[in-house]
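Colleague: Before we discuss this chain, could you put the sequence and the structure up, so that we can go through it together?

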Amino acid sequence: DQQPVTVTVTGAAGQIGYALLFRIASGAMLGEDVPIRLRLLEVPAAVRAAEGTALELADCAFGPLVSVDVTDRPAEAFDGADVALLVGSRPRTAGMERSDLLEANAGIFGPQGRAINDHAASGVRVLVVGNPANTNALIAATSAPDVPRERFTAMTRLDHNRAVAQLAARLGCRASDVDGVSIWGNHSATQYPDVTHATAGGQPVPTLVEQDWLESEFIPRVARRGAEIIDVRGASSAASAASAAVDHVRDWVHGTPGRWTSAGVASDGSYGVPEGLVSSFPVRSEDGRFSIVQGLDIPAFSRARIDASVAELEAERDAVRGLGLLG
Ligand code: NAI
């Protein structure tokens, strides 16, 4: 029989947590034949609410679900973790400076990175969802010196899926017909959704859509979709974010044969992105590892947008470093 996989989810009582846990427990992320132990980490005030979610998880009688434990202690939550989904974070509130936001989150992702370093399984895979996701992933990775950098990733899969969905709607095809979309840079409004190498039903997307539509509608719509959802739904994206997290981990573990996707990964210097920054790239997954898609032609239009988003990532990194939070 297959050994259970331990999946740790932080921010389990939040709205993404509520959409995410049921998908994981049903087997959508790792497969219906893989037994799962869930470990839920919350702040003390939300532990009881997370326990309520655990009651509902039990009531679903999901086949893969072996156990659910709820705790407010990172060392316990990450003990033996094979997959860690870091969803809980300190949101930006009115009047908060960016440096305050980065500092508050370093106070969360630093200790969680250390707990992962000291307690997680040796092959742990980490996905940071909580914003600012890329820089939080950098902080967690820096706090986990014994874990290879490639095991710390940040979620830009929601941006990727949004871009695919916008293209499919424009072209009247299915999302599954679209391939080769890339999200570059930061999970923020500076991100660059790139269709230069995308295809729809095997046809090059740049021959199917006008540059003007790309510049004036597609790029801003994808980059600002989070704000659109808040405006229309009255709350931030939750189910779609949870679904993207499931997609990210599933593809990381099971691969992306013949296709590519986007993920925030530690840069190896590819495409001029400074080494070590956690930036979104087009990636393939094979044998349980992400690798950055190499050899893509980057026209000047793309270059300028990638550079702008990477500059924002560097500024976030420098701000965190300036606060003495990167060791
Ligand atoms: P939420 O506010 O509903 O839930 C967050 C939960 O995290 C709360 O229950 C809170 O108690 C918990 N939490 C806070 N600090 C914690 C800590 N130190 N340890 C454990 N739990 C902690 O927020 P929601 O809607 O679930 O979103 C979560 C995060 O995901 C936010 O930062 C949001 O900005 C981000 N997000 C990222 C996306 C992406 O594409 N990367 C997309 C959508 C949201």
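Predicted model: local features only at pLDDT ≥ 70, side-chain atom pairs only at ≥ 80, totals over all residues.

Colleague: Where does Val129 lie, and which residues does Val129 touch?

Modeller: Val129 is placed in the loop between E5 and H5. Leaving aside residues up to four places away in sequence, its contacts are Ile16, Leu85, Leu86, Val87, Met155, Ala241 and Ala245.

Colleague: Which peptide bond is cis, and where is the place of Pro132?

Modeller: Pro132 is in the loop between E5 and H5, which is also where Val129 lies. With omega near -5°, the cis peptide bond is the one from Asn131 to Pro132.

Colleague: Into which domains is the protein chain assigned, and how many Å separate their centres?

Modeller: The domain assignment gives domain 1 (5-154) and domain 2 (157-315). Taken over C-alpha atoms, the centres of domain 1 and domain 2 are separated by 23 Å.

Colleague: How many residues of domain 1 are in contact with domain 2, and which element gives the most to that side of domain 1?

Modeller: The contact involves 24 residues of domain 1 and 23 residues of domain 2. On the side of domain 1 that touches domain 2, at least two residues each are supplied by H1, strand E4 (83-86), strand E5 (125-128), helix H5 (133-142) and strand E6 (152-154). By class, this side of domain 1 has 17 nonpolar, three polar and four charged residues. The element that gives the most to this side, with six residues, is H1.

Colleague: Which residues come nearest to the ligand, and which helix gives the most to the shell?

Modeller: The shell has 14 nonpolar, twelve polar and one charged residues. Of the 27 residues around the ligand, those that come nearest are Gly11, Gly14, Ile16, Gly88 and Asn131. With three residues, the helix that gives the most to the shell is H1 (residues 15-26).

Colleague: Which residue does UniProt list for "active site", and is that residue buried or exposed?

Modeller: In an unreviewed entry, UniProt lists His187 for this feature, and His187 is located in the loop between strand E8 (182-184) and strand E9 (192-194). Not counting residues up to four places away in sequence, His187 touches Ala133, Asn134, Ala154, Met155, Thr156, Asp159, Gly264 and Ser280. With 29 C-beta neighbours inside 10 Å, His187 counts as buried.

Colleague: What feature does UniProt place at residues 6-145, and how much of that stretch is helix and strand?

Modeller: The unreviewed UniProt entry places there the feature "domain: Lactate/malate dehydrogenase N-terminal". The end C-alpha atoms of residues 6-145 are 21 Å apart, and over this stretch the chain is 44% helix and 19% strand.

Colleague: Phi is positive in Tyr271 and in Asp287; which of the two is buried and which is exposed?

Modeller: Tyr271, with phi near 55°, is found in the loop between strand E12 (261-266) and strand E13 (278-286), whereas Asp287, with phi near 50°, lies in the loop between E13 and strand E14 (289-292). Within 10 Å there are 20 other C-beta atoms for Tyr271 and 6 for Asp287. By these counts Tyr271 is buried, and Asp287 is exposed.

Colleague: Turning to the protein chain as a whole, how many helices and strands are there, and what is the radius of gyration?

Modeller: The protein chain has ten helices and 14 strands. For 327 residues the globule rule gives 20 Å, and the chain comes close to that, so it is as compact as a globular protein of that length. Its radius of gyration is 19 Å.

How values were computed. Residues numbered from 1 in each chain as written. UniProt positions renumbered as here; feature names shortened; annotations may be inferred. Helix = DSSP H or I, 4+ residues; strand = E, 2+ residues; numbered from the N terminus. Buried ≥ 20, exposed ≤ 12 C-beta atoms within 10 Å, placed from the backbone. Contact = placed C-beta atoms within 7 Å. Near = placed C-beta within 6 Å. Nonpolar A, V, L, I, M, F, W, Y, C, P; charged D, E, K, R; others polar. Domains from an automatic or database assignment. Rg over C-alpha atoms; globule rule 2.2 N^0.38 Å.
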